[in-house]
Amino acid sequence: MNLWLWILLACVVAFLTKLAGYLVPARWMDNPRMNRVAGTLTIGLLASLTAVNTFASGQELALDARIIALAAAAVALLLRAPFLVVVLAGAVGAALARLAGMP
Amino acid sequence: MNPQAAPYADLVKYLQSPAVRVGLSIAVATGLYGVSFGALSVTSGFDLWQTMALSLLLFSGGSQFAFIGVIGGGGTGAAAMTAASLLGIRNAVYGMQMNALVRPAGWRRFVAAHVTIDESAATASGQTDPVERRLGFWSAGIGVFILWNVFTVVGALVGGALGDPAQWGLDGAAVAAFLGLLWPRLKGREPAAIAVVCALVTIVAVPLVAPGLPILIAAAVAGAIGWFGHGRPTEGLEPDIDPYADGGDHR
């Protein structure tokens with residue numbers, strides 16, 4: 001139940017954030033600094049989430065099959081594969097690495 | 001559009017619009033990867049209804065992946081909510097741009113706000129004609145909303161049937177999903193440097209603080225770089241799938 005509460009709260013915050021763009025007077029928000037922070041936050045969070053999902057195992061760092069997934073996804077992205085193919089490349093990379101005996 | 005006109009003629013005109021074609025193709029491409037969200041959400045411990053609620057109500061791909069990613073990594077609900085909310089701040093910037101370009105009035109503003117995401121904003125911004133901008137925004141926004149939600153359910157059902165997520169490499173799929181979301185935003189040296197710094201900060205923080213918090217520490221670092229930095233104001237504000245990637249004749 002507790003998780004539901006955080007899910008719904010996140011949904012409300014997400015909608016109000018989007019709505020703010022339409023309802024708050026443009027002169028309050030339309031400055032380069034606001035745009036820049038929105039952009040750097042997006043990059044920083046996605047980079048951090050990539051790192052956590054690759055190297056974190058609870059509160060410990062681990063080198064396991066997920067590093068192969070990261071490499072496979074990077075190769076797919078370099079080959080300009082569509083998003084879904086990139087995700088599949090990650091899954092196949094990790095699954096094969098485990099078949100080969102990686103933790 | 002004139003409500004008196006023959007609806008059939010309107011439909012033909014609508015489908016001939018270049019912005020609508022871009023909007024619908026981006027809806028298919030983006031909607032399809034709702035499969036990966038649905039599958040990862042279920043294997044991260046969310047049930048079908050929670051997964052559907054995230055796609056229907058939160059409706060912002062990056063924030064949804066962040067929410068399930070933090071919970072899947074053992075973080076708290078509060079940390080997941082904070083990461084998702086911070087990742088959604090760029091939608092306020094898009095909202096402001098769309099308010100100027102699309103100019104929805106009355107109740108339509110509330111619908112427009114809900115479908116304000118990377119893809120609808122990018123489709124509208126890529127057009128120069130005001131009518132085309134409007135058509136592009138709505139066709140991408142509503143198209144992605146419908147398909148994203150349909151494919152979320154498909155993914156959740158598939159994910160639920162898979163059994164052990166690690167055996168199928170689904171933890172690797174999550175890694176790939178985040179890298180795929182990050183990749184199109186790394187245009188230029190500064191965005192790449194921010195990404196490397198934030199990834200390193202995260203790795204250093206993982207053993208030191210509770211799960212979920214390393215992401216928020218990295219967010220604070222990224223926010224400070226944006227606040228004090230002088231990079232171009234649009235960096236990081238690129239769609240996951242560029243609607244004008246091939247050709248680019250509408251840019």
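This briefing covers the fold of chain B and the contact between chains A and B. The model is predicted. Chain B has 13 helices and zero strands. The contact draws 69 residues from chain A and 92 residues from chain B.

**Chain B: fold**

- Chain B contains 13 helices and no strands.
- Along the sequence, its pattern reads α-α-α-α-α-α-α-α-α-α-α-α-α.
- The radius of gyration of chain B is 19 Å, close to the 18 Å given by the globule rule for 251 residues, so chain B is as compact as a globular protein of that length.
- Along the principal axes, the C-alpha atoms of chain B fill a box of roughly 65 × 50 × 35 Å.

**Chain B: packing**

- Of the 251 residues in chain B, 57% are buried.
- Among contacts in chain B with a separation of 6 or more, 74% join residues 24 or more positions apart.

**The contact between the chains**

- Chain A gives 69 residues to the contact, and chain B gives 92 residues.
- On the side of chain A that touches chain B, at least two residues each come from helix 1 (2–23), helix 2 (26–29), helix 3 (32–55), strand 2 (60–61), helix 4 (66–78) and helix 5 (83–99) of chain A.
- Helix 3 of chain A supplies the largest share of that side, 24 residues.
- By class, the side of chain A that touches chain B holds 46 nonpolar, 16 polar and seven charged residues.

Technical notes
Residues numbered from 1 in each chain as written. Chains lettered and ligands numbered in written order. Predicted model: local features only at pLDDT ≥ 70, side-chain atom pairs only at ≥ 80, totals over all residues. Contact = placed C-beta atoms within 7 Å. Helix = DSSP H or I, 4+ residues; strand = E, 2+ residues; numbered from the N terminus. Nonpolar A, V, L, I, M, F, W, Y, C, P; charged D, E, K, R; others polar. Rg over C-alpha atoms; globule rule 2.2 N^0.38 Å. Buried ≥ 20, exposed ≤ 12 C-beta atoms within 10 Å, placed from the backbone.
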